[in-house]
Amino acid sequence: MTIRKQVLLLLLFLLFIMEGTIVPWILPSSWQNVLMPNLVFIVLLFVSIYHNRHTALVLGIIFGMLHDVVFYGEMIGPFSLVMGFSTYIMGFIFRVRRAPMPLMMTVVILGSLLFDSMLYAIYRLFSLTQVTYDWNLLHHILPNLVLHFVFGLIIYVPLRKQLEKIASRERKEKAA
């Protein structure tokens with residue numbers, strides 16, 4: 001495993017820790033029941049586009065399981081399933097090696113919408129929530145989508161460069 005891959009794993013783990021420690025401290029108390037920022041998921045969307053969707057699937061399952069165990073104790077598995085599946089589907093649909101910023105931001109928006117909608121469907125299926133989809137869309141999904149979009153804009157340039165370097169190094173190793 002190269003240094004850049006180790007740094008990527010460390011970044012994902014740091015973002016996972018930040019989601020539970022620093023982000024709730026930064027958000028105003030009135031927004032804490034509305035916003036559930038999933039920073040790891042946004043980075044995994046970048047991994048699925050600029051690196052490999054299979055890697056994003058595996059990392060999504062692993063970090064989703066961490067979310068299920070640490071943050072959301074109602075059920076084990078929904079975050080793992082949804083995070084892995086969403087990143088894989090986005091990587092499968094948008095198979096572009098050098099995706100420009102507007103395309104990547106579209107992936108962030110659609111991925112975030114797919115992630116939150118699938119999570120709502122699972123919670124609704126198992127009667128863990130009684131709210132309607134319209135209410136959930138207005139009060140939870142759209143605010144999360146805006147937050148994920150802003151975070152995607154912030155990390156776009158540095159993360160894209162690092163993931164493209166990892167991908168080009170792997171192509172050189174395969175060619176040699």
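This note goes through the predicted model from the whole chain down to single residues.

1. **Fold content.** The protein chain has six helices and zero strands. Along the sequence the pattern reads α-α-α-α-α-α.

2. **Overall dimensions.** The radius of gyration of the protein chain is 16 Å. A compact globule of 176 residues would come out near 16 Å, so the two values agree. Along the principal axes, the C-alpha atoms fill a box of roughly 55 × 30 × 30 Å.

3. **Burial and surface.** Of the 176 residues, 42% are buried. The protein chain exposes about 9,600 Å². Carbon and sulfur atoms supply 69% of that area.

4. **Contact range.** Take the contacts between residues at least 6 apart in sequence. Of these, 74% join residues at least 24 apart.

5. **Charges.** The protein chain carries 14 positive and 8 negative charges. Their mean positions lie 16 Å apart.

6. How many of the 12 residues of α2 are buried? The count is 12 of the 12, so α2 is largely enclosed by the rest of the structure. The list runs L39, V40, F41, I42, V43, L44, L45, F46, V47, S48, I49 and Y50. The cover over these residues includes α1 (3-26), α3, α4, α5 and α6.

7. **Helix α2: length.** The 12 residues of α2 should span 16 Å at 1.5 Å a residue. The end C-alpha atoms of α2 are 17 Å apart, which agrees.

8. **F46 in α2.** F46 is found in helix α2. Its relative accessibility is 0%, so F46 counts as buried; the cut-off is under 20%. Beyond four places in sequence, F46 touches H51, M104, M105, V108, G152, I155, Y156, L159 and L163.

9. **Helix α4: length.** Helix α4 covers residues 78-93. Its 16 residues should span 22 Å at 1.5 Å a residue. The end C-alpha atoms of α4 are 22 Å apart, so expectation and model agree.

10. **Helix α4: burial.** Which residues of α4 are buried? They are P78, F79, S80, V82, M83, G84, S86, T87, M90 and G91. What covers them includes α2 (39-50), α3 (53-70) and α5 (101-125).

11. **S80 in α4.** S80 lies in helix α4. S80 counts as buried because its relative accessibility is 6%. Setting aside neighbours within four places in sequence, S80 is in contact with G60, I61, G64, M65 and D68. By residue range, α3 (53-70) is among the elements that cover the buried part of α4.

12. L35 sits in the loop between α1 and α2. Is L35 buried or exposed? L35 is buried, with a relative accessible area of 8%. L35 touches L27, P143, N144 and L147, not counting residues up to four places away in sequence. L35 and H140 are 105 residues apart along the chain, yet their C-alpha atoms are separated by 6.3 Å.

13. **S127 backbone.** S127 is in the loop between α5 and α6. S127 is not a glycine, but its phi is positive, at about 55 degrees.

14. **N136 in α6.** N136 is found in helix α6. At a relative accessible area of 9%, N136 is buried. Leaving aside neighbours within four places in sequence, N136 is in contact with Y120, V131 and I141.

15. **E170 in α6.** E170 also has its place in helix α6, which covers residues 133-175. Its relative accessibility is 22%, so E170 counts as partly exposed. Not counting residues up to four places away in sequence, E170 touches K5 and H51. H51 is also among the residues that F46 touches. E170 and M90 are 80 residues apart in sequence and 22 Å apart in space, C-alpha to C-alpha.

Methods. Residues are numbered from 1 along each chain as its sequence is written. This is a predicted model: local features need pLDDT of at least 70, side-chain atom pairs count only at pLDDT 80 or more; totals for chains, interfaces and linings use all residues. Side-chain values use heavy atoms; hydrogens and water are left out. Helices (H or I, at least four residues) and strands (E, at least two) are DSSP runs, numbered from the N terminus. The radius of gyration is taken over C-alpha atoms; the globule rule is 2.2 Å times the number of residues to the power 0.38. Buried means under 20% relative accessible area, exposed over 50%, partly exposed in between (1.4 Å probe, protein chains only). Contact means heavy atoms within 4.5 Å. Accessible areas come from the Shrake-Rupley method with a 1.4 Å probe; for residues, only the protein chains shown count as cover. Lys and Arg count as positive and Asp and Glu as negative; His and the chain ends are not counted. The place of a charge is taken as NZ of Lys, CZ of Arg, CG of Asp or CD of Glu. The expected span of a helix is 1.5 Å times one less than its number of residues.
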